[in-house]
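I opened the model to look up a few places, chain by chain. My entries follow in the order in which I made them.

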Amino acid sequence: MTDANTTTGSHGTGPFIAAIDQGTTSSRCIVFDRDGRIVSVDQKEHEQIFPKPGWVEHDATEIWANVQQVVAGAIEKAGITSADVKAIGITNQRETTLLWDKNTGEPVHNAIVWQDTRTDALCKELGRNVGQDRFRRETGLPLASYFSGPKVRWLLDNVEGLRERAERGDILFGTMDSWVIWNLTGGVDGGVHVTDVTNASRTMLMNLRSLAWDERIAESMEIPVAVLPEIRSSAEVYGTAKGGALDGVAVASALGDQQAALFGQTCFSEGEAKSTYGTGTFMLMNTGDEPVNSYNGLLTTVGYRIGDEKPVYALEGSIAVTGSLVQWMRDQMGLIKSAAEIETLASSVEDNGGAYFVPAFSGLFAPYWRSDARGVIAGLTRYVTKAHIARAVLEATAWQTREITDAMTKDSGVELTALKVDGGMTSNNLLMQTLSDFLDAPVVRPMVAETTCLGAAYAAGLAVGFWPDTDALRANWRRAAEWTPRMDADTRDREYKSWLKAVERTMGWIEDEE
Amino acid sequence: MARTIQSLERAAAMLRLLAGGERRLGLSDVASALGLAKGTAHGILRTLQQEGFVEQDPASGRYQLGAELLRLGNSYLDVHELRARALVWADDLARSSGESVYLGVLHQQGVLIIHHVFRPDDSRQVLEVGAMQPLHSTALGKVLCAYDPVAHSEVTETEREAFTPHTVTGLGEFEELLDLTRARGWAADVEETWEGVASVAAPIHDRRRMPVGAVGITGAVERVREGGELSAQLVAAVRDCARAVSRDLGAGRF
């Protein structure tokens, strides 16, 4: 997608909220009206930089230029001016790490993207004799290369002279929310250096209960606290935009992308959950105002915090391979010509023909965390056709979701009543029905697919009183489709057992891990 | 044996000759392989080239199969692809119209519902993806009959059942309705299929202007009609949606 020019006739006449989504592959700006309908969209992709295998970087200067451009583009397409916009909300790719010079505004290095694995060895080293869970009690996270803290440490160790500059107080750290907000509010000319609780909860440097930087952990990682931004709530006015298309407008929210989707799906009550189906899948469940420790391989994270209200926590489970398995069927296997065709192929048979596909391409993630596992297709007989395999591909996404929801129920004690879904794969009707069958719960798709941007807009709108409260946002939520379970319990149990048997067969494939 | 057209047979033989792997042949190779005079072979190759079935390499002057053949083979638009492309626009139509949205394609003698967006109120609704609707009485069906010759021949060859007193069953009258549909660019169904229910639909075209489906709204007749006329605002919203989906499929602006 390069250009999405969405202008529709019958939306209200304003005022509006602008949401900026600084994502992994592109930056977007969407203008929403009071009903939560999209008025206009502008989007621009940025370069993915791969300096070495496993390394992924972004040019933060390019990203900031793109953000300014899409903001101007969306405002122009909407045919409005900054006077019509009540607030700006920010959502962003999480964990991607940047350090910049506060006097010049220049990044000291490309941003290190969340997918980048250069800190693998450093994370093992930081685990010392305790291992992956050394900081889990405080931060809710295992030591893994995704999170920002170790990336900051890598930069301080590897960019010449950086540690000295940081200790002198010349260097600022931020995830992409901080970078965008600092620049929006003036940059070197008085830009505010802040982050929100959801983004801070992905650094491994914040204590989940106090919502403050944990100085002991920062010290263990040898990160000077002077570089860290101020931690604020997800919905409050951080400052006002200086210059650009939205000069003078309040910058009033920040949420990591998955948390923004939780907010956009209006999962405001304990036990409400959303799952975003893209290349991978991210499921978050609202666990109320207490962080729930996970003993089943999930992450504990901050869901959101509105102003001075109590923070709301979430459990998070991610599935590494979902949409990317369909792409693999298309690009590597050549069994389909487009991703949508997987449904056509899968629908040509009644069931999986006994075949199960566990796409543990780079190991098993939540709830197993087995890096020695590799993918299998189990249960093959002469009877199995490519259509059965296509069906097994879709079922793999549904079963993996089931495993995450089971883990969430075990950790939180809350049964899932309905699953709110979004993301590209929700256009797959067979997958959505299968999901409902396997979860034995209704699966609901909202009418606005852009839940991430919507969440940022909602939080910003709450902060400036554009919407009075979360009840008003709930009233905006519209059900576009709902799938209800049609599978009998015996079949479901039997199939789940077979799936779990297939999962078992993936483990221990890699014999000696370096 | 029935009479056949020799030049078409020769053209088919040339395409077969060029098919298979990455084959590039010069004019004299083609001519001698098929036992034709060079002039004859050249005439046929030039015609095939004009239609895009054959391409000539500018450097070597050799011939190979053209891109148009590939497009012919892939011309079928997967209905799930259509749904994926239509999703955002159909959601927006439901929002702006306040009614439920259906996307339908021709399947056997009826309209297969491939996408359904609920009416945006809090009422209980059931997903109708996979359901069949009649061709001759629904707005979606009439649009398909008006624009797709296959749908048209299906509807004229089967019996047109009267579901309500308003259903148009006579062929002459039905053809007039299709003329009107083509002239206006949209079709309606006012209590012709279900009592108390009205709908409006418009065609979706792909990049080659082929009709691939229809999109429409359905609701209570009291809401869809305003003072005896179909709501102009709803008609405009449906047509906007159909155009947006067509644009996404690569059809030019129209």
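I take buried to mean under 20% relative accessible area, exposed over 50%, and partly exposed in between, with a 1.4 Å probe and protein chains only. The model is predicted, with local features needing pLDDT of at least 70 and side-chain atom pairs counting only at pLDDT 80 or more, while totals for chains, interfaces and linings use all residues. Residues are numbered from 1 along each chain as its sequence is written, chains are lettered from A and ligands numbered from 1 in the order in which they are written, and side-chain values use heavy atoms, with hydrogens and water left out.

**Entry: A:Ala355**

I looked up A:Ala355 and found 0% relative accessibility, so I logged A:Ala355 as buried. Helices (H or I, at least four residues) and strands (E, at least two) are DSSP runs, numbered from the N terminus. On that basis A:Ala355 sits in the loop of chain A between helix H11 (341-347) and strand S17 (356-358). For contacts I use heavy atoms within 4.5 Å. Not counting residues up to four places away in sequence, A:Ala355 touches A:Ala378, A:Gly379, A:Leu380, A:Val384, A:Ile389 and A:Ala392. One of these, A:Ile389, is 34 residues from A:Ala355 in sequence, with 6.6 Å from C-alpha to C-alpha.

**Entry: nonpolar cores**

A nonpolar core here is a set of buried Ala, Val, Leu, Ile, Met, Phe, Trp, Tyr and Cys residues joined through side-chain atoms within 4.5 Å. The largest has 60 residues, and A:Ile342, A:Leu419, A:Leu435 and A:Trp499 have the most contacts inside it. Helix H12 (residues 386-412) of chain A gives the largest share of this core, 12 residues. Apart from this core I noted another, of 39 residues, which includes A:Leu141, A:Met206, A:Met221 and A:Val302. I then listed what A:Leu435 touches, not counting residues up to four places away in sequence: A:Tyr277, A:Ala398, A:Thr401, A:Leu419, A:Val421 and A:Val443.

**Entry: UniProt features of chain A**

UniProt positions are given in the numbering used here, with feature names shortened, and the annotations may be inferred rather than shown by experiment. An unreviewed UniProt entry places "domain: Carbohydrate kinase FGGY N-terminal" at residues 17-264 of chain A. Over residues 17-264 of chain A I read 30% helix and 24% strand, with the end C-alpha atoms 14 Å apart. The unreviewed entry also carries the annotation "binding site" for A:Thr24, A:Arg94, A:Glu95, A:Tyr146 and A:Asp257.

I checked two of the annotated residues, A:Glu95 and A:Tyr146. A:Glu95 is in the loop between strand S5 (85-92) and strand S6 (98-101) of chain A, and its 5% relative accessibility makes A:Glu95 buried. Leaving out residues up to four places away in sequence, A:Glu95 touches A:Ile112, A:Trp114, A:Tyr146, A:Phe147, A:Ser148, A:Lys151, A:Thr175 and A:Arg202.

A:Tyr146 is in the loop between helix H3 (136-139) and helix H4 (148-158) of chain A. With a relative accessible area of 30%, A:Tyr146 is partly exposed. Besides neighbours within four places in sequence, A:Tyr146 is in contact with A:Glu95, A:Trp114, A:Lys151 and A:Phe365.

**Entry: helix H6 of chain A**

I counted burial along helix H6 (residues 176-184) of chain A: 9 of the 9 residues are buried, so the helix is largely enclosed by the rest of the structure. A:Gly186 follows H6(A) and has a positive phi, near 125 degrees.

**Entry: cysteines**

A:Cys29 is buried, at a relative accessible area of 0%, and A:Cys267 is buried, at 0%.

**Entry: chain B**

Domain bounds come from an automatic or database domain assignment. For chain B this gives domain 1 (6-65) and domain 2 (75-248), with C-alpha centres 45 Å apart.

B:Thr164 is in the loop between helix H7 (149-157) and helix H8 (171-184) of chain B, and is buried at 7% relative accessibility. Leaving aside neighbours within four places in sequence, B:Thr164 is in contact with B:Glu191, B:Glu192, B:Thr193, B:Trp194 and B:Glu195.
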